Amino acid sequence: MNAEKLSDRLNAVANYIPKGARLADIGSDHAYLPCYVVKKGAVPMAVAGEVANGPYQSALEQVQEENLTQQIIVRKGDGLEVIEPGEVDCITIAGMGGTLISSILEKGKSKLQGVSRLVLQPNVGSFAVRRWLIENGWELAAEEILKEDGKVYEILVAEKGEPLIPYQHINLENGILFGPFLLKEKTAVFKEKWNAEKNNWQRILLQLQEAAQNEDTVSKRQELERKIKMAEEALR
Ligand SMILES: C[S@@+](CC[C@H](N)C(=O)[O-])C[C@H]1O[C@@H](n2cnc3c(N)ncnc32)[C@H](O)[C@@H]1O
């Protein structure tokens, strides 16, 4: 992959960055996403943040190779510590687990002042991101699910607002797990993902049913049965 042609996943993330926004891409790795949107003229400037040395060096090299050092600042640091309050309008965090994304947002809360849009792409555990958004006054504006190279990805787009609005008329727990927009749309990829999850839970449940029973296995079985029921309902 390179900054000329993004993966479908990063391209989908890029589509949700508002035109003209000042962008921070956190966990930028090769900085492909900021390079792509700056080159396209979609955003005037970007900060590419990276905590790890190797990816930080890759980002620096990519930005230099593309002659974008005037528009893209590569900074080394943990999460949102690479930006100042009010410095950017939009933050993208892609390609990490949902728990890590939520902890980056939680630790960097003070830097979110002035940020009008978050575009988050958890590889797994999007429920943790949805929960953080609800608890911190961010309203989901859109969600997308896509499959690339055999892997399913979700994109969560949020703006400051009324976090529970997208969850009206649905069970909150279901909404947090499946995604309120994704649950409504029920695309083929959504069904494929949750069918696979359900089958996996059923397989684990069977193993637990065959194992020696104690308090721990009983509570794990109950939890799995609950989640399987939720998935069955979501797939209906
Ligand atoms: C799998 S890569 C994803 C790169 C790119 N965002 C993408 O979606 O293709 C995750 C990157 O996040 C970086 N990362 C992990 N935790 C971070 C943190 N707390 N702050 C900044 N970067 C972080 C890792 O070093 C790694 O380069």
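## The shell around the ligand

Sorted by class, the shell around the ligand in this predicted model contains nine nonpolar, five polar and three charged residues. Altogether 17 residues surround the ligand, and the closest of them are Gly-27, Asp-29, Ala-52, Ala-94 and Gly-95. Three elements, namely β2 (46-50), β4 (90-96) and α4 (98-107), each contribute at least two residues to this shell, and β4 gives the most, with three residues.

Asp-29, which is listed among the closest residues to the ligand, belongs to the loop between β1 and α2. The backbone of Asp-29 has a positive phi of about 55 degrees, although the residue is not a glycine. Asp-29 counts as partly exposed because it has 18 C-beta neighbours inside 10 Å, whereas a buried residue would need 20 or more.

## The seven-stranded sheet

The strands form an open sheet of seven members in the order β3-β2-β1-β4-β5-β7-β6, and their pairing is mixed.

Leu-23 has Ala-46 of β2 as its bridge partner, and Ile-26 stands opposite Gly-49 in β2. Along β1, Leu-23 and Asp-25 point one way while Ala-24 and Ile-26 point the other way, and all of these residues are buried. A corresponding description can be given for β2, where Ala-46, Ala-48 and Glu-50 point one way and Val-47 and Gly-49 the other way, again with all of them buried. Because five of the five residues of β2 are buried, this strand is largely enclosed by the rest of the structure.

Helix α3 (residues 53-65) lies across β2 and β3, and its direction runs at about 165 degrees to β3. Helix α5 (residues 126-135) also packs on the sheet, where it touches β5 (117-122), β6 and β7 (151-160), and its direction makes about 5 degrees with that of β7.

Helix α2 (residues 32-39) is largely enclosed by the rest of the structure, because seven of its eight residues are buried. The buried residues of α2 are Tyr-32, Leu-33, Pro-34, Cys-35, Tyr-36, Val-37 and Val-38, and they pack against α1 (8-15), β1, β2, α3, β3 and β4. The helix is followed by Gly-41, whose phi is positive, near 80 degrees.

## Two loop positions

Gly-79 is placed in the loop between β3 and β4, and this glycine is buried because 20 other C-beta atoms lie within 10 Å, a count that just meets the cut-off of 20 or more for a buried residue. Leaving aside neighbours within four places in sequence, Gly-79 is in contact with Ile-26, Ile-104, Lys-107 and Gly-108. Between Gly-79 and Thr-187 there are 108 residues in sequence and 32 Å in space, the latter taken from C-alpha to C-alpha.

His-169 is found in the loop between β7 and α6 (172-178), and its phi is near 70 degrees, a positive value in a residue other than glycine. His-169 is exposed, because it has 8 other C-beta atoms within 10 Å and the limit for an exposed residue is 12 or fewer.

## Domain arrangement

The domain assignment of the chain gives domain 1 as residues 8-170 and domain 2 as residues 189-235. The centres of domain 1 and domain 2, taken over C-alpha atoms, are separated by 32 Å.

Notes
Residues numbered from 1 in each chain as written. Predicted model: local features only at pLDDT ≥ 70, side-chain atom pairs only at ≥ 80, totals over all residues. Near = placed C-beta within 6 Å. Helix = DSSP H or I, 4+ residues; strand = E, 2+ residues; numbered from the N terminus. Nonpolar A, V, L, I, M, F, W, Y, C, P; charged D, E, K, R; others polar. Pairing = 2+ DSSP bridges. Contact = placed C-beta atoms within 7 Å. Axes fitted to C-alpha atoms, helices over the stretch in contact; angles between N-to-C directions. Domains from an automatic or database assignment.
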